[in-house]
Amino acid sequence: IPFSVVLSIFILLPLIILSGLIALVASIPQSIATYLFFATKGTLAQHGYMLRPLKWLHVNAQRKFLRYFNGINFWHSRFADIRVDVPMNDDLLCSVHPIPCLSDNIAYLVVDHDTRVGCVVDPADAKAIAVAVDEIGEQLFGERGSIKLEAILTTHKHWDHAGGNALMKKMFPAIEIYGHKSDHVLACTHPVIDKQIIQVGSRLIWHVIAAPCHTHGSVMYLFHGKEDRDILFTGDTLLQGACGEAFEGSFKDMPGNFATIIARCSKNTLMFPGHEYASLTVGGLMGGMSYSSLAPERFFALAASYFQIRHRRGADKLPNIPVRLDEERLVNPIFGAVEKHQKVLLDAVLSLKKMQNNQLERPEAITKSTPNLRERRTGTKTTTSYKPACVTHESSRNPFVSVYRSDFENLRRKLLNGEVDNNDAVAHLDEMLERMKIKPSKHPKKNHELNGSIND
C-alpha cells in the first residue's frame, strides 16, 4: 500500500469519525440534549473538567486569548489601588486586595502590614498573581517584592481557583498550600478539615468552614478581626445574590452552607466571593423575581444593590467586593429560604418546650360529634361520653402520649369474644385517637382525681 494512501487514511479517518459524532449530537432534540447535560454535569465537572488538558485550556489558553485581544496589561477589574483594611485584635492592620484573574475570577491577597507577611486565596493565574503582588507591594510599602508570601488558601479544586498552585510553588518554594483533604487540590501541601485553624505568620489566623456542594471538598476561610470586623472568603459557595453550581452535591445541601455562615459569622462580616458575577446574578434577580412576594425591606435592598453594582462596573470596572453579610441576607434568596426554615423550626421547638413545661389537664366528658364507621354504615347517630382511665401524673408529663388502659382491654376482650367486628374496632380506635387530643393545663389534678372508668 502506498505511503500516501496510509497517510490519507490516518488523516481522514479521525475527521470522518468527528463529523459523525457532530451529526449525531446535532440530530438529538434540544430537550433531550438539555436533559442529558443537566443529568451529567456533576460527573463531567467532577471527572472530565479535572483532566490536565482542560486545565491548560481553561487557564493558560484563556489567559493568552485575553492578553492577545485586550493587550498584555488586561485585567477585567481595577485592583492596584483598591484594598479593604481590616483592624486586628492587637490594634494592628491587615488589608485585603482583590486580584482579577482570567475573565471573571477574583483571587485575593491578604497582607499583615506590620510583618509584611501575606497569603493568597485561589490563585488561578500564577503569573497574574506575581505581577499583582509586586504592584500592591509598591503601593503599600514603596518597593516591589516587599510582601513575603507564605501561604495559599484554596477554596476548592477547580482549575479556575487552584490552577496556579503548582507554578506558585515553583516561584515561591517555601509557600504552604492549603485545601480540603477530600478535594485533592493541585499541589496541596497541607490538607485541612472543617473547623481546623490555620496560622499564617504570627497574626493571620484562619478558621476553616467546610461547605460541600459545589465540590465535595469546598471550604471557606474565616478571619476574626477586631470588633466583629470579620472577613470570609467564600470561593464558589456564595456569590453575590446567588450560589455556585451544585456539581458534586445537590441544591438541598447549599442552604445548609448558608445556615453555617449565619451561625459562625457576625452580621458585620465582609464576604469575598470567587467571581465577579454580580451584574449577572443580581441583575437576574431584578428581572426574574416577583416583587409582590418580597417584603419591602428586601425589595429596597435588592434595588439598591443592583444600582450600586451597575454604577461600580460602569464607572471604572470596580469589583463588587466586599459584600456585607447583613445586606446579602436581604438580597440573596437562599438566605431568605434559610431564614424561613429557621423560623418554622424555631416555632416548633418553642411550641415543644412550652408543651413540655406544661402538664395535661383531665378531659371532662368528651362528646363525639363526627360520625364513626358504624354511623356512616348504618346512617344512625350515636353519642358516647368517655372518661380516661389510668392517666396518672407520671404519664401526663409527656403531652404526646396518653394511656387508656381500660379502653384497650375492653376492645381486646370484645374482639376475642366476637362482640365487635373489624369495622367496629377501627371506629372505636378512631374515637380513642380523638380523645388523645388533650389541651395542656398549668394546674393538673391530683393522681387520685384522674382515675376513672370507661362508660360503654
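Start with the largest nonpolar core of this predicted model. A nonpolar core here is a set of buried Ala, Val, Leu, Ile, Met, Phe, Trp, Tyr and Cys residues joined through side-chain atoms within 4.5 Å, and buried means under 20% relative accessible area with a 1.4 Å probe, protein chains only. Strands E2 (93–101), E3 (105–112) and E5 (148–153) each give it two or more residues, as does helix H4 (126–141). H4 supplies the largest share, 8 residues. Those labels are DSSP runs numbered from the N terminus: helices (H or I) have at least four residues, strands (E) at least two.

Now zoom in on Leu149. Leaving out residues up to four places away in sequence, Leu149 touches Leu109, Gly118, Cys119, Val120, Val133, Met168, Phe172 and Ile175, where contact means heavy atoms within 4.5 Å.

Apart from that core lies another, of 28 residues, including Ile106, Cys119, Val200 and Ile321. Ile106 sits in strand E3 and is buried, at 4% relative accessible area. Ile106 and Ile321 are 215 residues apart in sequence, yet 9.8 Å apart in space, C-alpha to C-alpha.

Stepping back, the protein chain has 15 helices and 19 strands, and 41% of its 456 residues count as buried. Among contacts between residues at least 6 apart in sequence, 65% join residues at least 24 apart.

Residues are numbered from 1 along each chain as its sequence is written, and side-chain values use heavy atoms, without hydrogens and water. Local features need pLDDT of at least 70 and side-chain atom pairs 80 or more, while totals for chains, interfaces and linings use all residues.

Note on methods. Buried means under 20% relative accessible area, exposed over 50%, partly exposed in between (1.4 Å probe, protein chains only).
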